Each structure stands twice: as C-alpha cells, then as structure tokens.
Amino acid sequence: MPRIVLITGANSGIGFQTAKLLASAPDDFSVILTGRDLAKVEAAREEITRATGKQSDSVVALQLDVTTQASIDKAVALVRETFGRLDVLINNAGIAPTGPNLEEMFRTTFDTNVIGPALVSAAFRSLLLASENPWHLYVGSETSSLSYITDPASPMYQTNAGSVAYRASKAALNMVAMHEQLETKEEKLNVRILCPGFVVSNLRGSSEEARTGWGGAGDPENSARLILSIIRGERDADADKLISVDGFHTW
Ligand SMILES: NC(=O)c1ccc[n+]([C@@H]2O[C@H](COP(=O)([O-])OP(=O)(O)OC[C@H]3O[C@@H](n4cnc5c(N)ncnc54)[C@H](OP(=O)(O)O)[C@@H]3O)[C@@H](O)[C@H]2O)c1
C-alpha cells in the first residue's frame, strides 16, 4: 500500500525537489503536490511524471493556499474522498519578503509561515491520525535559532534587511511544531522540524543571483534527501531537535 504524502508549496524549490525525489524513490509513495497557483502545480506535476515515468494517479496536483481556510478545507475534503487518510504531511510553503513597510512584511510573513502551517496542521490532523504510521514535517530554518543570534562566533550573529520577520516567523513555527509534538504525545504522530540548508530556490527572489544566493546556495536535492531520510525513520534520534543534513542545530 503506498504512503500518501502531501507537500505544501510543491511547485518550486525544496517542495518540488522533494516531490520529485519521493516520486522516483524505490519506496512506494503517492505524492500530492499542492500550491497556491494550480497552473504552476500542474506544470510541476507534469515535469515530475515526465522525468520519473510515474503513473499520473500517483502524482497528484491540488490547489492549496495556506493563508486561505476555504482552500485548505477543500484540499482536505479531496484527500479524504480520494485516499481516506494521509501518511506524511510536509508543511513546506514559506516566504521571505523584504520591503520598507514593516507592518506589511511582518503580517504577510506570519500569515504564510506561521498561521498557515498551524491551520494546515489542524485541518489535516484527523486524516493523519487515520494513518498507521503518520508523519508531520515542518520545514524550518537554522536562522530561527536564539542560541546562534546570541553567539558572536556564529554566522547567524548578524542581521540584514527583512530578516527579522522571517527569522521571527521560523522561531514561532518551531513552537507550533513542538506544541503539536507534545499535544499528540499519546498518539502515533511523528512530528519533526527540519532545516533544509541554504539552497537554490525562489525564496530570495526569482533573479538568477537571488535564486542561487549570489552563488552560495546549495542543491535543494540535498534538502529533499534529508526529508526522505526523516520519513524513512533514519533520523529518529533527533526527534526533538532542529534536524539538518549534517546533524542538528541548537534552538
Ligand atoms: N531555500 C533556502 O535556502 C531555505 C533555507 C531555510 C529554509 N527554507 C524554507 O524552505 C521552504 C521552501 O522554500 P524554498 O526555499 O523552496 O522557496 P520557494 O522556491 O520560493 O518555494 C516556496 C513555495 O511556497 C509556496 N507558497 C508561498 N506562499 C504560499 C501560500 N500562501 N500557499 C501555498 N504555497 C505558498 C510558493 O508558491 P509560489 O510559487 O506560488 O510563490 C512555492 O511553491 C520555506 O518554508 C523556506 O522558509 C528555505
């Protein structure tokens, strides 16, 4: 029986690479790609089915805007109707806007990076609990670490334009995730937070310079491999940590 995996923000970057890796992995996954723009998600699904030769019914595209409850509810209803359960939820969608308007930057960032994942989490909880072996992964960031921002020896002991809203949102996301882990400790739900590393994506903007982090960003396939290793149970020793490719980050 395939494991049913749903990824938010799966049309680009880390979400897309994860969907592609899972679709081609020898494990039996059915992958539900979601995103706020259905045309982009459909295009991503087509690219994956073409590249992997997977049947189109095991790689599915759904519209899901994490900032809109009606959109979340519709996706939940479709997953319930089609699969009756969810085995892996990857709360990946995120943004890192910059701009002169502090209020707008904070509200937009928290809406997508904190409130969105919390709503998605609540809406899919019963479908996850209908699984024999449910997993819920939150895509966090080492930039959320309070230890790093207070340690002069850390590369995170610095600020730059726009980083405050993003970093604060990822710190808040850590609490959403750890709260869920505690809340469900009597259940079988495996809740994890991972730090995908600094990788090529649209997070910093769509120009080549921004996508590649001005040449410094790594391959998002490494982030996808980290996600695969976590849902295979290979990182269970780090369940209450910020899991990274190399080990873990301190809170
Ligand atoms: N790349 C890095 O270096 C890095 C490092 C640490 C953590 N992360 C985290 O990794 C996750 C994935 O980001 P990425 O780097 O892969 O960036 P990305 O290429 O920009 O991907 C983000 C995805 O989220 C989607 N999204 C944005 N707002 C949404 C909403 N309201 N509803 C549903 N989907 C929405 C985007 O859709 P659109 O195409 O429609 O905008 C896109 O598919 C984020 O949580 C990010 O914070 C990334």
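Predicted model: local features only at pLDDT ≥ 70, side-chain atom pairs only at ≥ 80, totals over all residues.

1. The largest pocket holds about 1400 Å³ of space. Its lining is made up of 50 residues, and those that lie nearest the centre are Ile95, Ala96, Tyr166, Leu203 and Arg204. Two or more lining residues come from each of helix 1 (13-24), helix 4 (102-129) and helix 6 (163-183), and among these elements helix 6 gives the most, with four residues. By residue class, the lining of the largest pocket divides into 25 polar, 17 nonpolar and eight charged residues.

2. The second largest pocket has a volume of about 190 Å³.

3. Helix 6 deserves a paragraph of its own. With 21 residues, helix 6 reaches 30 Å from its first C-alpha to its last, which is close to the 30 Å expected at 1.5 Å a residue. Its buried residues are Ser163, Ala165, Tyr166, Arg167, Ser169, Lys170, Leu173, Asn174, Ala177, Met178 and Glu180, and Tyr166 is also one of the residues that lie nearest the centre of the largest pocket. The cover over the buried residues of helix 6 includes helix 4, strand 5 (135-139), helix 5, strand 6 (190-194) and strand 7 (242-243).

4. Which way do the residues of strand 6 point? Asn190, Arg192 and Leu194 point one way, while Val191 and Ile193 point the other way, and all are buried. Because five of the five residues of strand 6 are buried, this strand is largely enclosed by the rest of the structure.

5. The pairing of strand 6 can be followed on both of the partners described here. Strand 5 and strand 6 run in the parallel sense and pair over five bridges, with Ile193 of strand 6 as the bridge partner of Tyr138. Strand 6 and strand 7 also pair in the parallel sense, over two bridges, and here Ile243 of strand 7 is the bridge partner of Leu194.

6. Leaving aside neighbours within four places in sequence, Leu86 is in contact with Ile4, Val5, Leu6, Phe124, Leu127, Leu128 and Ser131. The C-alpha atoms of Leu86 and Lys74 are separated by 15 Å, and these two residues are 12 residues apart along the chain.

7. Gln158 is placed in the loop between helix 5 (146-149) and helix 6. This residue is classed as partly exposed because its relative accessible area is 45%, which falls between the limits of 20% and 50%. From C-alpha to C-alpha, Gln158 and Tyr148 are 9.4 Å apart in space, and in sequence they are 10 residues apart.

Technical notes
Residues numbered from 1 in each chain as written. Heavy atoms only, no water. 1 Å grid on protein atoms, 1.4 Å probe; cavity = no way out; pocket = protein on both sides within 12 Å on 5 of 7 lines; lining within 4 Å. Points joined across faces, edges and corners; volume = space filled by probe spheres on them. Nonpolar A, V, L, I, M, F, W, Y, C, P; charged D, E, K, R; others polar. Buried < 20%, exposed > 50% of the residue type's maximum accessible area, 1.4 Å probe, protein only. Contact = heavy atoms within 4.5 Å. Expected span 1.5 Å × (residues − 1). Pairing = 2+ DSSP bridges.
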